[in-house]
Amino acid sequence: METARVHIITRILLLFQIAVAFLCAVVSGQNGESVVVGEFNISAPAGSEAVLQCHSQRMVWTQDRLKDRQRVVHWDLFRSAPDYSMERVLDMFSAGDQRIYNGYNKGRVSMPMTAFNDGNFSLVIKDVAMSDRGIYSCNLHHHYCHLYETIKVQLNVTKSPRKERRFWDGEKAVFVVLVGSTVVLPCVNRHPVWTEAHREEEQQVVHWDRQLPGVRHDRADRLIDLYASGERRQYGPLFLRRKMNISGEAFSLGDFSLIISDLRPPDEGVYSCHLHHHYCGLHERRIFHVSVGPPLVPDQSPAPRLLPQDDPNTNMVEVPRVINVILPEHRGHFLQQVGYILATLLLLALIAIAVILFSRRCRKRGLEYDLRRSERGNVTSNDFEMGVTELKMCNQEEMRLDYKNNILKEKAEMSKLPSPKVIDLDKEMEKKAWK
């Protein structure tokens with residue numbers, strides 16, 4: 001049984017060594033050729049100033065004065081059912097003391113004090129209890145280099161010595177330990193970024209290269225080297241060093257742009273901005289294809305003429321003179337104004353036509369109304385005449401009641417009597433005799 005246990009432990013250590021070797025190979029591979037993160041085409045007229053912008057916040061110098069709080073390791077515990085909780089076990093800075101968060105763990109949970117020297121960040125748990133079960137994560141953070149690495153280990157606690165074992169489940173190491181025993185949860189990372197405390201400012205460098213047309217990249221001419229420590233190196237002839245420069249606060253602002261003054265056709269080519277941080281494993285490259293166009297045409301407008309002074313030696317203060325200058329309008333602006341005027345005239349013409357049509361329509365309706373009214377007037381006048389005759393007859397019947405004396409009444413009655421008939425007495429007598 002002891003042989004099987006030793007064999008299992010050997011396999012686990014072998015897996016950890018393979019993982020560490022793979023990590024080192026990945027990081028060391030980054031130290032080779034720079035990774036191209038951007039490629040730009042820049043065109044500017046001759047005689048102007050060109051700015052090849054190269055920015056990176058990862059290269060900004062953020063190291064504190066103590067230089068001991070950039071690297072930190074902390075262990076976290078995730079408990080599964082029924083709690084499903086996460087808690088911080090302990091943490092430690094590269095030059096600080098360990099900080100344990102739960103008072104129950106003081107004296108029984110620790111980490112080697114030489115962790116940031118030998119790369120051993122393993123967690124030691126004494127007197128393992130059932131409450132220690134869960135998934136532990138070893139988290140390494142490098143705030144300056146923006147590096148984050150995590151290693152997970154699952155811890156199970158048993159009361160039977162036969163069930164005690166260690167194995168790999170495909171994602172993490174699993175430790176089944178006996179209750180009351182001591183266990184070491186492994187976390188080893190011996191990469192120099194975690195173990196070496198050398199001066200980081202000596203590991204940062206930015207350099208600009210210039211590649212003339214037809215020249216290979218590996219044969220490009222070096223223009224400027226700039227270190228985080230403040231050292232600057234410029235190459236090439238004096239006139240070239242004077243017209244190409246980088247800001248002195250590049251590592252404070254993260255702005256490593258190349259400024260080229262008095263741009264000329266011989267300045268054409270491919271420029272490369274290389275950002276190297278050997279300590280953090282950062283290697284970036286930005287490419288700029290620069291082309292020079294024809295110079296800008298100078299402004300041919302005459303300079304404003306100065307007003308002549310009457311007496312240059314006089315001490316009198318002159319009243320400021322105002323000159324009103326009327327500039328000729330552009331042809332397109334003139335056509336635009338003419339269009340506005342024509343549109344206004346057209347609108348007025350439409351309004352006038354609408355008014356004329358409306359007035360004619362109103363007149364037509366008035367004539368039709370007059371004709372209808374005249375027809376109605378003829379009919380009512382006849383009725384009115386008939387009514388008047390009847391009214392006159394009624395008035396004549398009542399007239400006799402209005403007279404005040406009998407004479408007038410007699411005259412009126414006489415006027416109403418029919419005219420007397422002429423009677424022949426002889427004829428009347430004969431008629432009676434025949435009867």
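Two strands count as paired if DSSP finds at least two bridges between them. With that in hand, welcome to this predicted model, in which valine 72 has phenylalanine 93 of strand E4 as its bridge partner. The chain has eight helices and 19 strands, and 29% of its 435 residues count as buried.

**Confidence**
- The average pLDDT of the chain is 76, and 67% of the residues score at least 70.
- Residues 13-32 have a pLDDT below 50, and this stretch makes twelve contacts in the model beyond near neighbours in sequence.
- Residues 379-388 also fall below 50 in pLDDT, but here the number of contacts beyond near neighbours in sequence is zero.

**Overall surface and contacts**
- Of the contacts between residues at least 6 apart in sequence, 56% join residues at least 24 apart.

**Strands E3, E4 and E5**
- Strand E3 (residues 71-79) pairs with strand E4 (residues 85-93) in the antiparallel sense, over eight bridges.
- The hairpin of E3 and E4 has five residues between the strands, and tyrosine 84 in this hairpin takes a positive phi near 55°.
- E4 also pairs with strand E5 (residues 99-100), again antiparallel, over two bridges.
- E4 and E5 form a hairpin with five residues between them, and leucine 90 has isoleucine 100 of E5 as its bridge partner.

**The sheet E6-E7-E12**
- Three strands make up an open sheet in the order E6-E7-E12, with antiparallel pairing.
- Strand E6 (109-110) and strand E12 (183-185) each have a single partner strand, so one side of each has no neighbour in the sheet.
- E6 is joined to strand E7 (residues 123-125) by two bridges, and serine 110 has valine 124 of E7 as its bridge partner.
- Aspartate 132 sits in the loop between E7 and strand E8 (134-142).
- Aspartate 132 counts as buried because its relative accessibility is 5%, under the 20% cut-off.
- Leaving out residues up to four places away in sequence, aspartate 132 touches Leu77, Arg108, Ile125, Asp127 and Leu155.

**Nonpolar cores**
- The largest nonpolar core has 31 residues, and Trp75, Phe121, Ile125, Tyr136 and Leu185 have the most contacts inside it.
- Beyond residues up to four places away in sequence, the contacts of phenylalanine 121 include Val73, Trp75, Met111, Leu140 and Trp194.
- Another core lies apart from it and has 27 residues, among them Ala46, Met59, Leu240 and Leu263.

**Salt bridges**
- Side chains of opposite charge can pair when their charged atoms come close, and the structure holds twelve salt bridges.
- Aspartate 267 forms a salt bridge with lysine 243, with the closest N and O atoms 2.6 Å apart.
- Aspartate 267 lies in the loop between strands E17 and E18, while lysine 243 is in helix H4, so this pair ties together parts that are 24 residues apart in sequence.
- Both ends of this pair are buried: aspartate 267 has a relative accessible area of 4% and lysine 243 one of 12%.
- Salt bridges with shared partners join Asp76, Arg88, Asp91 and Arg99 into one network.
- In the salt bridge of aspartate 225 with arginine 222, the closest N and O atoms are 2.9 Å apart; aspartate 225 is buried at 4% relative accessibility, and arginine 222 is partly exposed at 34%.

How values were computed
Residues are numbered from 1 along each chain as its sequence is written. This is a predicted model: local features need pLDDT of at least 70, side-chain atom pairs count only at pLDDT 80 or more; totals for chains, interfaces and linings use all residues. Side-chain values use heavy atoms; hydrogens and water are left out. Helices (H or I, at least four residues) and strands (E, at least two) are DSSP runs, numbered from the N terminus. Buried means under 20% relative accessible area, exposed over 50%, partly exposed in between (1.4 Å probe, protein chains only). Contact means heavy atoms within 4.5 Å. A nonpolar core is a set of buried Ala, Val, Leu, Ile, Met, Phe, Trp, Tyr and Cys residues joined through side-chain atoms within 4.5 Å. pLDDT is the predictor's confidence in each residue, from 0 to 100. A salt bridge is a side-chain nitrogen of Lys or Arg within 4 Å of a carboxyl oxygen of Asp or Glu.
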